[in-house]
Every structure is written in C-alpha cells, then in structure tokens.
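Try each task before reading its solution.

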Amino acid sequence: MEVDIRLPIGFMFTLLGLLLLIFGLTTVADPELYQRSLEINVNIWSGTLMLVFGGLMLLFGLRAKRSKNNIT
Amino acid sequence: MDTAFTLGWVDYVIMVVYFVFVLGIGYALKRYMKSSADFLTGGKSIPAWITGLAFISTNLGALEVMGMAASGAKYGMITTHFYWIGAIPAMIFLGLFMMPFYYGSKARSVPEYLKLRFDEKTRGFNAVSFAIMTIFASGISMYALAMLMETLLGWNFTLSIFISALIVLIYTYLGGLKSAIYNEVLQFFLIVIGFLPLVFLGLISIGGWEGLTKQLAEVATNQGYAPGAYTETWKPVASAADNPMGVEWFGLIMGLGFVLSFGYWCTNFLVVQRAMAAGSMSAARKTPLIGALPKMFIPFLVIVPGMIAMALTSDPDSGFALPVKGGSYDYDKVIPMMLGYYFPTGVLGLGLTALMASFMSGMAGNVTAFNTVWTYDIYQSYISPNRSDKHYLWMGQMATVFGILVSIGAAFMAKLFNNVMDFLQLIFAFINAPLFATFLLGMFWRRTTGHGAFFGLLSGTAAAAIHHGLTQPVGATSLIKGGWLGTAIHTYPSEMAQNFWTAIFAFCTCLVITIIISLLTKQNKTKEELTGLVYSLTPRIRDENRNWYQRPQFLAVIVAIITVILSIIFW
C-alpha cells in the first residue's frame with residue numbers, strides 16, 4: 001500500500017485532540033459555556049479521547065512503516 | 001429551528017483542519033492514478049479493515065444518520081431492525097456466498113457481472129438505472145447539506161452547494177475510488193468520536209437507559225401501546241397494532257430482513273464496489289463481515305439520540321422540544337437540535353464537521369460508483385469500445401466532473417420541486433425491489449438465462465409499481481404514497497408496511513417469471529463462460545491452509561452470535 005491511511009488519520013486526530021484539549025483547559029473557568037453540557041467540560045474529555053485515538057493510529061502506522069523500511 | 005447556532009473560532013478551525021486533510025489525502029494519492037483501474041477500482045490493493053469500514057461508512061451518510069435518528073424518535077428501539085435484521089444477515093451472506101462470484105469473476109462492476117452471467121440488455125438496464133440513481137442520490141445529499149447549513153448557520157444555500165461540490169470534486173478527481181474510500185474511513189471515525197459525547201450527555205441527563213425506558217413507557221402508554229413499545233425490538237412487532245411503525249413480524253422479516261436488505265447490501269454497486277476494491281479474495285470476503293462488527297453498534301450512536309430527543313420532548317420540564325411542522329413533530333431535526341442543545345463551542349464544531357463529512361462522503365460514494373459504471377458499462381460498452389486505457393482513465397475523470405455538475409443540477413431541482421425527488425425515489429425503489437431475485441437465481445441456478453433475467457427484472461419492477469398503485473397506507477393524502485391506480489384494494493397500517501410488502505411482491509414476481517422464462521428459453525452461455533459465475537460450476541475456495549480463526553466463516557459466526565445476543569438483550 002503506497003499511502004498508509006493510519007498516518008493521516010492519526011495525525012488529524014492528534015491535532016484536533018490537542019486543539020480541543022487546550023481549548024477545554026483554557027475554558028475551565030467558564031461555567032456558563034458548559035451549562036448546556038450538564039457542567040461537564042466535554043472539550044477536555046473529547047480532546048483526550050481523540051488524542052489517545054490519534055496517538056494509537058500514529059503508533060501503529062509508524063511501526064508498520066519502520067518494519068517495512070527494515071526489510072527493504 | 002428558529003435560533004441559529006453561534007460558532008466560535010475553535011469550531012471553524014476544526015472544520016478547516018478536516019477539509020485540509022480531506023483534500024490532502026486526495027492530493028497524496030494523485031501520483032498513483034496511472035490507469036483506469038487505479039482510478040475506478042482502486043487498483044484492487046486495499047486491506048480488508050479499510051474496505052470494511054468504508055463499506056459501512058458509504059451507507060452512513062448524513063441522510064442515513066439524520067433519518068435513523070428521526071426514526072428513533074418516531075418509532076423508538078424497533079428502528080434497530082434496520083441494522084440487526086435489515087443489514088447483518090445480508091452482509092454475512094454477501095461475504096460468505098456472493099463475494100466469491102463478484103470478486104472471482106474479474107468483473108469491474110455489478111452491471112458487468114450481469115453482462116458476464118446473463119446478457120447485454122440485463123447489464124444495460126441495470127447500468128443505466130444505477131447511473132441515474134447515483135447522480136440523483138448525490139444531488140439530494142448536496143441539497144440536504146446546503147439546506148441544513150442555511151438553517152443552522154445562516155450560510156448561503158447556493159454558496160454551500162458550490163463549496164461542497166468543489167471539495168468532493170477535488171478529492172475524487174485527484175484520487176479516484178481510493179481517495180473516496182480513505183476519506184470514508186476518516187469520516188467513519190469522525191462520526192463515531194463526534195457523536196459519542198451526544199449519546200453520553202443525553203443518557204446522563206435522562207438518568208441512563210433506565211430513565212429513558214421509564215420516560216418512553218409513559219409516551220407509549222399515552223398512545224395506547226404497551227409500555228415497552230419504544231424500548232423493545234421484537235415484542236412490539238407481534239402485530240402491527242402494537243407498535244408505532246405499524247409493521248408485523250412477517251412483513252418485517254421477509255420484506256425488510258430478506259428482500260430489501262439483501263437487495264441493497266448484496267446487489268447495490270455503491271457498497272459492493274468497496275468490497276471489490278479489496279486486495280485479495282479473502283480480504284474481499286471479509287470486507288462486509290468486518291463492516292458488520294461496528295455496524296451492529298451504530299444504532300446506539302444514531303437511534304438512541306433520537307429516542308432521548310423524544311423522551312425530552314415528552315417531559316415539559318426538560319426545556320427541550322422537537323419543533324412542530326404541519327401538525328406533527330419535525331423528526332428530521334433531531335440531530336441538529338440535539339447538537340445545539342448539548343454541545344458547547346468546541347465539540348459543537350466537531351459534531352457539525354462530522355455531519356458535513358458524512359454528507360460529503362455520501363456524495364463522493366455515489367460519484368465514484370457513477371464514474372465506474374459510466375466509464376466501463378456505458379461508455380466502453382456502447383459508445384466507444386477498444387480505446388486505449390489512457391483514454392478510459394481520462395473518461396473516468398471527465399465522468400467525475402460531469403457527474404458532480406449534474407448532481408448540482410439535481411440539488412437545485414430538489415429545492416424547486418420537492419415532489420420530483422419523491423417521485424424519482426419511488427421509481428428507483430420499484431427498479432431495486434426485484435434485483436436480489438435475479439442475482440440469487442443467477443448465482444445459484446445455472447439454468448437461468450439472459451432472457452429470463454431481463455424479463456424477470458422488468459416484470460418485478462412492474463409488479464412493484466402495480467402493488468404500490470393498488471394499495472395505500474392509512475391516511476394517504478397524495479398519490480405518491482400509493483393508490484394511483486384507482487381505488488386502493490388494500491390499506492396498510494403504515495407506509496413502512498406498504499414498502500415492505502411492495503418489495504415482497506416484486507421479489508416473488510421476479511423469481512417466478514425468471515424461472516418460467518428461463519425454462520422456456522435456451523441457455524446461450526457455455527459451461528466455460530459460466531465457470532466462476534455460478535455456484536455449481538465454480539471450484540470451492542480452499543482455505544484449509546489458513547488457521548480456522550483467519551477464515552471468513554469464523555468471523556461470520558462471531559458477527560451472528562453478537563447480533564443474536566444484542567437482539568435478546570433488547571428483546
């Protein structure tokens with residue numbers, strides 16, 4: 001496979017995850033914003049989830065790439 | 001909804017990042033598009049987990065997401081029948097029994113299989129109707145996306161149409177089917193991660209599954225149903241009067257679970273194309289089976305939010321109520337309403353991006369299926385055969401541009417004449433209803449002839465139209481709902497029940513007529529020509545050299561067991 005889709009997926013979710021996580025952390029002191037989400041800071045939760053998922057995708061993608069490079 | 005969403009800068013950044021990646025994937029694949037096969041069939045090189053996710057993701061377009069959430073609100077948990085009985089058995093059948101013929105025949109499309117197995121006219125009928133259908137489906141997706149953006153964000157309708165068309169055009173033109181498939185996988189994860197918070201927040205606010213059951217029991221008893229009518233799956237379908245969908249178990253299993261479901265998942269090139277793009281026979285067979293694993297759990301992502309919306313609406317203290325349109329709830333607004341109700345800036349941008357992504361992948365899926373059928377089954381077969389492969393690659397790219405231009409026209413037509421779209425969808429439903437009978441006979445009875453298949457299909461389509469014309473659902477107000485052949489001789493408890501029975505009639509007619517005409521006509525295909533296309537003339541696939549847990553059969557058993565367990569839990 002010429003383009004390993006895990007790398008762009010991993011990269012995108014890591015990026016978006018970081019963005020949401022940082023935005024969530026900077027808005028911790030803004031209870032009005034999270035009133036609708038039942039006082040739960042969903043940006044932190046979603047951001048963390050995306051960061052973990054993106055990181056795993058990157059990990060698997062990069063590992064596959066490295067083992068392929070070692071063979072050739 | 002009256003109040004538009006207000007988006008923050010984060011929301012826009014999320015959208016922009018997503019679209020940069022979508023276009024980037026198309027751009028990265030551009031240099032591998034050297035032949036028409038690379039562009040139109042993905043070069044048959046994609047691993048099974050990717051084609052498997054793309055297989056269900058093509059179907060997980062935004063219309064499906066919003067429609068299933070709407071059904072969840074309207075009918076409750078029995079909507080899961082569209083997944084557990086209406087998709088999984090057909091996906092297992094496709095993987096185990098039909099993929100060997102599609103993939104092994106070396107056909108590049110479903111219509112081409114019909115040409116190899118039957119004859120030119122059967123292929124022509126299927127190719128032309130499919131090509132028109134995909135273009136309109138893509139146009140409807142575009143129209144719905146632009147409408148939603150107009151009401152939610154106040155974006156200009158025409159501008160939304162052209163921007164979404166341009167994005168889809170760029171990534172499908174650059175990377176062909178492979179780009180569409182890769183982006184479908186990206187979109188799949190985005191939908192799951194974007195909608196998960198909605199399900200969690202909804203369940204938390206309503207007191208979990210228990211709270212939801214309690215609230216919906218009230219809704220059900222108020223309408224005269226048993227308390228579990230909205231939260232159980234099989235008990236309410238004992239008779240059509242017991243559930244809001246108005247369907248009974250036989251029509252449900254035969255109509256939805258057998259005819260409609262197998263007709264869609266096993267013969268629709270839109271989804272089958274994903275499996276045909278897999279890198280090997282084993283990967284192709286595993287494609288629908290791998291897709292079935294997440295497919296079983298999608299109801300929790302799209303139907304449960306609809307049920308929560310209904311429960312919240314029935315509770316006057318919740319502060320949430322579905323808008324009313326023409327005397328009943330406007331169920332199609334469930335997803336956008338829920339996003340606006342629970343999501344603060346940040347995840348709101350994520351949810352909206354997921355929704356846009358699924359609209360666009362719905363368009364891209366149709367466009368990539370269209371350009372293959374157009375190039376191979378119409379252009380190469382009837383208009384300009386024996387040209388160089390370079391020429392067909394060029395034609396495939398032109399078909400992509402042309403297909404999107406016509407879709408734009410269809411989108412504007414949908415805005416101007418809403419009824420035209422309903423009418424077209426009805427016609428396509430008639431054409432699709434009998435298809436599975438043709439494939440079933442073609443693959444498993446070698447005596448089936450080309451004439452038999454063609455006239456069986458025509459009469460099946462006619463039977464669907466006649467049945468629809470002679471019956472009507474309760475409370476039908478327009479002829480598009482049926483009864484256009486004079487007075488209705490039967491009235492169904494619901495439109496859904498009528499659809500299921502239309503399909504059953506079409507299937508049976510096609511089956512019987514195909515058998516009769518096949519017996520009366522001569523088989524024009526030789527034994528050699530049919531090898532690899534028909535069950536009895538195809539050598540069994542030997543996978544003894546594989547470990548038992550690597551075989552498609554093992555995966556199929558797992559899928560079946562989990563589906564049964566889910567059905568029992570929500571019995």
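Helices here are DSSP runs of H or I with at least four residues, numbered from the N terminus. Please keep in mind that the model is a predicted one.

**Exercise 1. Find the place of B:Leu116, and decide whether B:Leu116 is buried, partly exposed or exposed.**

Solution. Start with the helix: B:Leu116 sits in helix 7 of chain B, which covers residues 110-117. Next, count neighbours. A buried residue needs 20 or more other C-beta atoms within 10 Å, and an exposed one has 12 or fewer. B:Leu116 has 18 other C-beta atoms within 10 Å, so B:Leu116 is partly exposed. Then look at its partners: beyond the neighbours within four places in sequence, B:Leu116 is in contact with B:Ser105, B:Ala107 and B:Leu533. Finally, compare sequence with space: B:Lys525 is 409 residues away from B:Leu116 in sequence, yet their C-alpha atoms are 9.0 Å apart.

**Exercise 2. Repeat the count for B:Phe250, and find how far its C-alpha atom is from that of B:Ala229.**

Solution. B:Phe250 belongs to helix 11 of chain B, residues 249-267. With 13 C-beta neighbours inside 10 Å, B:Phe250 is partly exposed. B:Phe250 and B:Ala229 are 21 residues apart along the chain, and 18 Å separates their C-alpha atoms.

**Exercise 3. Check whether the span of helix 20 of chain B agrees with its number of residues.**

Solution. Helix 20 runs over residues 450-470 of chain B, which makes 21 residues. As for cover, 16 of the 21 residues of helix 20 of chain B are buried, so to speak "mostly covered".

**Exercise 4. Describe how helix 6 and helix 23 of chain B pack.**

Solution. Helix 6 (residues 88-104) and helix 23 (residues 552-569) of chain B have axes 10 Å apart, at an angle of about 175°. Angles over 145 degrees count as roughly antiparallel, and therefore that is the term for this pair, helix 6 and helix 23 of chain B. Helix 6 of chain B brings B:Ile88, B:Ile92, B:Gly95 and B:Leu96 to the contact, while helix 23 of chain B brings residues including B:Pro552, B:Ala556 and B:Thr563. Sorted by class, this contact has seven nonpolar, three polar and no charged residues.

**Exercise 5. Work out what chain A and chain B each bring to their contact.**

Solution. Chain B gives 30 residues and chain A gives 24. On the side of chain B that touches chain A, helix 1 (9-29), helix 9, helix 15 (334-342) and helix 16 (347-383) of chain B each supply at least two residues. By class, that side of chain B has 25 nonpolar, five polar and no charged residues.

**Exercise 6. Look at phi of A:Glu39 and of B:Lys44, and say where each residue lies.**

Solution. Most residues other than glycine have a negative phi. A:Glu39, however, has a positive phi near 60°, and B:Lys44 has a positive phi near 45°. A:Glu39 lies in the loop between helix 1 (6-26) and helix 2 (42-71) of chain A; with 8 C-beta neighbours inside 10 Å, A:Glu39 is exposed. B:Lys44 lies in the loop between helix 2 (36-41) and helix 3 (48-59) of chain B, and its 17 other C-beta atoms within 10 Å make B:Lys44 partly exposed.

Note on methods: Residues numbered from 1 in each chain as written. Chains lettered and ligands numbered in written order. Predicted model: local features only at pLDDT ≥ 70, side-chain atom pairs only at ≥ 80, totals over all residues. Expected span 1.5 Å × (residues − 1). Contact = placed C-beta atoms within 7 Å. Nonpolar A, V, L, I, M, F, W, Y, C, P; charged D, E, K, R; others polar. Axes fitted to C-alpha atoms, helices over the stretch in contact; angles between N-to-C directions. Parallel < 35°, antiparallel > 145°, perpendicular 65-115°, else oblique.
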